[in-house]
There are 2 protein chains.
Amino acid sequence: MEGQHEQTDDARAAEGQHADIYDEDGVISQSFLVHVGAAIADRDTLTLKRDVGDLHQSELGDLLEALAPEQRRALVELLGTDFDFSALTEVDEAIRLDIVDNLPNAQIAQAVQELDSDDAVYILEDLDQEDQDEILSQLPFTERIRLRRALDYPEETAGRRMQTEFVAVPPFWTVGQTIDYMREDNNLPDRFSQIFVIDPTFKLLGAVDLDKIMRTKRAVKVEEVMHETRHAIPATMDQEEAAREFEQYDLLSAAVVDENERLVGVLTIDDVVDVIQQEAEEDLLRMGGVGDEELSDSILSTSRSRVPWLLVNLVTAFLAASVIGLFDATIQQIVALAVLMPIVAGMGGNAGSQTMTVTVRALATKDLDIYNAWRVIRREIGVGFINGAVFAVLIGLVAGTWFGDPNLGGIIAAAMIINMFAAALAGILIPLLLDRLNIDPAVASAVFVTTVTDCVGFFAFLGLATWWFRYS
Amino acid sequence: MEGQHEQTDDARAAEGQHADIYDEDGVISQSFLVHVGAAIADRDTLTLKRDVGDLHQSELGDLLEALAPEQRRALVELLGTDFDFSALTEVDEAIRLDIVDNLPNAQIAQAVQELDSDDAVYILEDLDQEDQDEILSQLPFTERIRLRRALDYPEETAGRRMQTEFVAVPPFWTVGQTIDYMREDNNLPDRFSQIFVIDPTFKLLGAVDLDKIMRTKRAVKVEEVMHETRHAIPATMDQEEAAREFEQYDLLSAAVVDENERLVGVLTIDDVVDVIQQEAEEDLLRMGGVGDEELSDSILSTSRSRVPWLLVNLVTAFLAASVIGLFDATIQQIVALAVLMPIVAGMGGNAGSQTMTVTVRALATKDLDIYNAWRVIRREIGVGFINGAVFAVLIGLVAGTWFGDPNLGGIIAAAMIINMFAAALAGILIPLLLDRLNIDPAVASAVFVTTVTDCVGFFAFLGLATWWFRYS
């Protein structure tokens with residue numbers, strides 16, 4: 001039992017080291033950063049190789065992001081061949097490019113051969129064509145063909161994200177033969193959870209999960225235990241759609257096939273998890289009026305990327321202003337209207353964005369479809385009326401008391417009900433309509449919804465006031 | 001080669017059936033729904049068992065959501081023991097409760113025994129205590145203990161989400177023994193990707209991935225190939241934190257241990273993918289001012305859940321209104337101010353929410369930390385100034401021309417620069433501060449940011465105008 005105790009001690013030591021790297025908030029700890037910084041300053045390669053060389057790629061990635069740019073480059077240089085290039089898949093694009101641009105192409109070519117093909121593609125795809133070609137030309141033939149094939153598929157497709165290393169066997173092999181083959185072949189992928197069954201032309205016949213292999217007697221033929229691969233993913237499928245297949249069918253990995261149904265790679269759940277995160281993030285950023293930006297982007301490129309959205313909002317803001325302009329005579333007589341009008345518009349805007357957020361998300365997750373659309377529309381209208389009534393009473397009382405004018409209270413209450421109803425309608429119908437027109441509702445809904453709630457809010461409140469004070 | 005061809009034909013047939021269930025938008029197809037509806041109306045059990053009984057749990061879940069409530073209950077009744085209860089983990093909570101409440105507890109107890117423990121817990125946890133106890137009391141002893149243990153852990157912890165079925169072997173077993181054991185034991189979990197190594201008291205010693213077992217010679221002892229399990233998850237760990245471990249270390253499954261480091265279950269990536277989706281969704285909904293609501297919630301409960309956010313916004317709206325109230329004399333003289341003031345406030349609000357969205361998301365993904373906070377703050381201020389200047393010129397020109405008054409153009413331009421600067425500061429500092437105070441920035445940031453941009457916008461514009469027209 002001696003070995004066993006050693007193992008747990010090792011595990012504890014590793015745990016301790018792990019705890020040292022991060023502080024309690026899950027951020028690289030100050031003390032570890034100072035330690036690494038000092039070793040870099042001293043060019044103490046031994047210490048760095050010991051304390052940084054064995055980090056998990058994501059830990060090394062976090063460390064790189066915490067270091068200053070000069071330290072980062074020095075660390076990569078000092079670690080030399082001990083630097084784990086897969087860490088570059090864990091950092092911001094700007095940091096990745098900064099590090100790669102500072103290395104000779106020959107060294108990158110060397111490093112890329114050690115990586116799984118999906119990681120290699122991840123690093124190569126952002127380089128300019130010239131560097132990419134030079135690095136590829138220095139790779140062995142098979143490696144070059146494999147990476148080229150993945151790089152030839154468009155960005156954000158399954159083919160671009162797939163790993164080209166996989167285990168494939170002919171259907172007439174037995175389970176025993178398959179296990180023996182795996183014991184002897186050294187060219188297996190780092191990690192895999194299923195084995196593919198192919199014909200001599202690489203046409204995909206089926207797949208077997210490793211746990212199934214484990215449960216099966218050695219003499220059984222693979223074709224007898226393989227399952228149909230109805231979730232094979234065409235290489236040109238959008239990565240988001242592929243991720244949805246993984247989610248729906250709880251897949252750990254899936255075969256990627258070309259247009260002739262030949263096996264070209266495998267998509268694994270860890271890449272899919274990244275895609276899911278990325279897509280959820282895109283929806284959130286789009287709803288906030290931000291495009292594809294990263295924290296490491298420069299001031300100028302960030303400014304530029306945010307201008308279009310602000311520009312669209314500017315146009316709609318002038319539209320709302322011109323609605324107010326229709327009633328300038330009334331406002332001159334009763335200034336209280338100018339004071340109160342942003343309340344009506346603002347509350348409508350908030351109610352509208354509540355409905356819109358729920359709708360956009362439900363459309364993205366396919367929870368909202370033709371089967372429940374009517375029910376949800378009716379529900380939102382109901383919610384709009386109820387909350388409209390609640391806040392109409394509240395705002396009417398406060399406003400009427402503030403300006404000592406019950407008429408004003410009544411007018412703002414009526415305007416609130418109208419605008420909350422408009423907000424509910426706009427919040428659900430605009431995203432539904434955009435989705436029908438194949439426009440991403442996350443991008444475009446907010447601007448239309450607030451235009452409606454601003455214009456209706458101002459028009460209802462100022463229009464009612466004009467009418468009331470003119471005819472009473 | 002005969003069998004092989006049959007297999008591909010089978011696969012194609014399955015593909016065809018799959019294509020029939022969904023239309024091109026990925027929604028249950030009308031024709032399939034009509035077909036199932038007719039079979040339910042005819043009480044045609046044979047057709048239903050053939051066409052619905054073999055569906056994947058997620059397909060059956062989608063079908064249940066598309067059916068009308070009476071059809072749903074009838075389908076479950078007609079399928080009887082052929083109804084796959086795991087489909088209930090794929091539907092809205094309201095639908096799940098509706099179906100389960102319509103079934104006798106004895107039938108649920110029967111069905112629950114067929115499920116993986118994580119699915120069983122998922123269905124049981126929403127039932128009221130009485131039904132839960134009655135169902136559990138009808139289960140065999142071991143099953144009852146296992147489910148009870150998972151249910152005893154708090155909601156949203158790893159212990160609640162774990163599966164209590166796992167494969168565990170002693171360290172002195174050889175790889176060959178382990179494979180033989182798996183070939184013979186019929187009590188294995190449905191799917192697994194690693195084997196745990198434990199001592200006689202169930203203390204976790206290590207784990208071996210299945211692919212590692214495959215590559216290793218039969219005579220090698222498990223303890224020689226096992227790796228340390230430094231990613232063992234305490235059962236009380238929050239599911240979001242557990243999901244982050246999975247993401248960071250690309251795990252497929254992880255051991256769940258109790259407070260004595262004894263193995264109690266396994267958390268698998270498919271459950272973690274659901275958690276990741278759910279957490280991303282929560283952030284999005286919170287930023288849109290919506291709490292934990294589902295599409296199937298009733299009008300009243302939806303109304304109620306959205307009121308608090310609207311109430312907070314009401315208070316801040318009155319705050320902004322009272323800022324306008326300070327300048328009512330000026331507005332009475334120059335009504336154009338009332339027309340233009342929402343533009344200044346609105347543009348600031350949009351710019352602020354851009355910055356805030358990026359900040360909240362970066363905090364959630366831990367991309368923003370003490371190491372880059374200063375750089376990001378500086379960047380946002382820079383962006384605020386540049387976009388402030390750009391839109392100041394634009395709005396100044398349009399407003400000045402509209403009202404034929406260059407002074408007005410100059411005033412609104414100056415107010416825009418001030419408000420865009422305030423928006424940038426508020427957009428980054430408020431989420432950072434809330435995060436420091438351990439308040440979820442996704443929930444609370446928006447209201448504070450728009451309060452700042454409204455109040456600063458109105459104050460800067462109306463204040464500058466008052467000062468200018470008084471002293472010129």
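The side chains of Ser193(A) and Ser253(A) make a polar contact at 3.5 Å (a pair of N or O atoms within 3.5 Å; within protein, one must be able to donate a hydrogen and the other to accept it, and residues adjacent in sequence count only if both atoms are side-chain atoms). This is a predicted model, in which local features need pLDDT of at least 70 and side-chain atom pairs count only at pLDDT 80 or more, while totals for chains, interfaces and linings use all residues. Residues are numbered from 1 along each chain as its sequence is written, chains are lettered from A and ligands numbered from 1 in the order in which they are written, and side-chain values use heavy atoms, with hydrogens and water left out.

- Ser193(A) sits in the loop between α12 (175-184) and β2 (194-198) of chain A; helices (H or I, at least four residues) and strands (E, at least two) are DSSP runs, numbered from the N terminus.
- Ser193(A) counts as buried because its relative accessibility is 16% (buried is under 20% relative accessible area, exposed over 50%, partly exposed in between, with a 1.4 Å probe and protein chains only).
- Apart from neighbours within four places in sequence, Ser193(A) is in contact with Asp209(A), Leu210(A), Leu252(A), Ser253(A) and, from chain B, Leu252(B); contact means heavy atoms within 4.5 Å.

**Helix α15 in both chains**

- In chain A, α15 covers residues 239-249, and its buried residues include Ala242(A), Ala243(A), Phe246(A) and Tyr249(A).
- A side-chain oxygen of Asp238(A) comes within 2.9 Å of the backbone nitrogen of Glu240(A) at the start of α15(A).
- Just after α15(A), Asp250(A) has a positive phi of about 50°.
- In chain B, the buried residues of α15 include Gln239(B), Glu245(B) and Gln248(B).
- The N-terminal end of α15(B) is capped by Asp238(B), with a side-chain oxygen 2.9 Å from the backbone nitrogen of Glu240(B).
- Asp250(B) follows α15(B) and has a positive phi, near 50°.

**How the chains pair**

- Chain A superposes on chain B by a rotation of 180° with 0.0 Å of shift along the axis, at an RMSD of 0.1 Å (least squares on the C-alpha atoms of residues with pLDDT of at least 70 in both).
- The two copies are therefore related as by a two-fold rotation axis.
- Gln332(A) comes closest to that axis among the residues of chain A, at 2.5 Å (C-alpha).
- The contact draws 139 residues from chain A and 136 residues from chain B.
- Since 98% of the interface residues of chain A are also interface residues in chain B, the copies meet through the same surface.
- About 12,200 Å² is buried between chain A and chain B, and carbon and sulfur atoms give 63% of this area; buried area is the accessible area (1.4 Å probe) that two parts lose on being put together, summed over both.

**Domains and UniProt features of chain A**

- Chain A is divided into domain 1 (18-160), domain 2 (168-269) and domain 3 (299-471), with bounds from an automatic or database domain assignment.
- The centres of domain 2 and domain 3 of chain A, taken over C-alpha atoms, are 53 Å apart.
- UniProt (unreviewed entry) lists "domain: CBS" at residues 226-282 of chain A; its annotations may be inferred rather than shown by experiment, feature names are shortened, and positions are given in the numbering used here.
- Residues 226-282 of chain A are 44% helix and 23% strand, with end C-alpha atoms 38 Å apart.
- Among the spans that UniProt (unreviewed entry) gives as "transmembrane region" in chain A are residues 307-327 and 333-351.
- Residues 307-327 of chain A are 90% helix and 0% strand, with end C-alpha atoms 31 Å apart.
- Residues 333-351 of chain A are 89% helix and 0% strand, with end C-alpha atoms 30 Å apart.
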